[in-house]
Amino acid sequence: MKRLMAMLLAAAMACSMTACSSSDGQKSTAEGENGEMVVRVGDFLGEPFLYPVKIANAKGFFEEEFGKDNITISIEYLGSGAVMTEALTAGELEMSFLGGQPAFSGISNGNGVKIISMATSSSTDPCLLVAADSDITDVSQLKGKNLAVGIGTDNHYQLVEMLALGGLTEDDINLYNLQGVEAYAALTSGEIDCMQSIAPNTYQFVENGDVRILASMDQTEGRNNQVLVVSPEFAEEHGDIVVRFLKVLQRAVDYYKENPEECKDILVDYVGDNVNRDLMDEYMDKYDCSLHLNAEDKAYLERQYNFLYEHDMLSGPVDLETIYDDSFLIEAFGTTEAH
């Protein structure tokens with residue numbers, strides 16, 4: 001927890017730094033107290049499976065790579081994809097990890113960010129949970145039932161894919177906009193019949209003994225993923241830093257594979273007391289954090305975009321031909337799939 005407090009303090013200090021303006025007036029970088037360039041990167045604190053950036057930060061990989069050039073990589077834990085999208089639009093972040101929905105939301109609002117790599121992906125998460133003593137044993141039995149999900153999020157689309165397992169659509173159920181512990185409380189009290197859940201919450205909820213898994217993403221062709229985006233100003237002015245950042249992330253991926261137990265201990269310190277170290281083996285290896293941006297990735301993101309746009313969850317259309325830039329992956333690894 002000491003490491004966590006230090007990280008939060010560093011993030012708070014970074015928010016007070018003076019911004020340096022690019023030629024078009026947008027904030028392209030920040031300047032630290034000692035004159036160093038500060039590259040601000042948005043991340044989700046409570047998600048251990050998005051581990052490369054956390055491991056790289058904890059092990060000092062960013063400092064090793066960039067310190068000699070008076071560059072600081074400041075990891076900003078801003079709480080949600082919506083907040084990070086706003087920060088990108090305001091020029092307060094140079095790069096960020098985002099789910100598909102907030103990434104598309106920002107792009108449709110004209111922030112101009114480019115998706116440069118997948119960051120993490122799982123074909124098993126999220127899951128549908130029901131009460132342990134529920135009579136519901138098949139997704140088809142959810143017809144007419146009350147179900148909780150984060151409406152308008154990536155998980156909302158993933159829910160649609162899981163409902164299809166039982167031949168159902170959104171019109172067949174009653175949706176409630178609840179997530180995490182709030183949805184869990186509603187489920188265990190009988191206010192709803194089913195909830196959608198993601199790791200690490202899923203495994204802790206199941207461990208408690210009062211809920212069970214009804215279905216998971218691995219029964220569909222869907223997946224839960226996050227992407228890495230970069231602001232257009234920073235990409236244009238400091239593409240070399242983006243390439244080096246990707247190489248550091250891949251170094252962290254390799255380190256995790258070689259030292260999984262040490263890394264899981266590090267991640268528990270990072271993400272806080274809500275993560276049970278004993279349960280991490282059940283879900284950590286179900287996430288792929290290798291860096292890639294291939295045709296399969298783009299095809300799935302297109303499906304997700306179509307759902308969001310058709311449900312009026314975006315402010316406008318997005319030109320899918322212009323939102324990707326795989327040149328940084330190619331420069332870093334000679335391919336769009338790092339190994």
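In which helix is Asp154 found? In this predicted model, Asp154 belongs to helix 6, which spans residues 154–163. Asp154 is buried, yet has no salt bridge. The nearest side chain of opposite charge is that of Arg223, 9.8 Å away. A salt bridge would need a side-chain nitrogen of Lys or Arg within 4 Å of a carboxyl oxygen of Asp or Glu.

Helix 6 packs against helix 12, which covers residues 295–310. The axes of helix 6 and helix 12 lie 10 Å apart, at an angle of about 100 degrees. Helix 6 is therefore roughly perpendicular to helix 12, as angles of 65 to 115 degrees are classed this way. Helix 6 contributes Asp154, His156, Tyr157, Gln158, Val160 and Glu161 to the contact. Helix 12 contributes Tyr300, Arg303, Gln304 and Phe307. By class, the contact has four nonpolar, three polar and three charged residues.

Ala252 has a relative accessible area of 0%, so it is buried. Leaving aside neighbours within four places in sequence, Ala252 is in contact with Tyr51, Pro52, Ile55, Ala56 and Phe61. Cys289 lies 37 residues from Ala252 along the chain. The C-alpha atoms of Ala252 and Cys289 are separated by 9.8 Å.

Key. Residues are numbered from 1 along each chain as its sequence is written. This is a predicted model: local features need pLDDT of at least 70, side-chain atom pairs count only at pLDDT 80 or more; totals for chains, interfaces and linings use all residues. Side-chain values use heavy atoms; hydrogens and water are left out. Helices (H or I, at least four residues) and strands (E, at least two) are DSSP runs, numbered from the N terminus. Buried means under 20% relative accessible area, exposed over 50%, partly exposed in between (1.4 Å probe, protein chains only). Lys and Arg count as positive and Asp and Glu as negative; His and the chain ends are not counted. Axes are lines fitted to C-alpha atoms, for helices over the stretch in contact, and angles run from 0 to 180 degrees between N-to-C directions. Angles under 35 degrees count as roughly parallel, over 145 as roughly antiparallel, 65 to 115 as roughly perpendicular and the rest as oblique. Contact means heavy atoms within 4.5 Å. Ala, Val, Leu, Ile, Met, Phe, Trp, Tyr, Cys and Pro count as nonpolar, Asp, Glu, Lys and Arg as charged, and the others, Gly among them, as polar.
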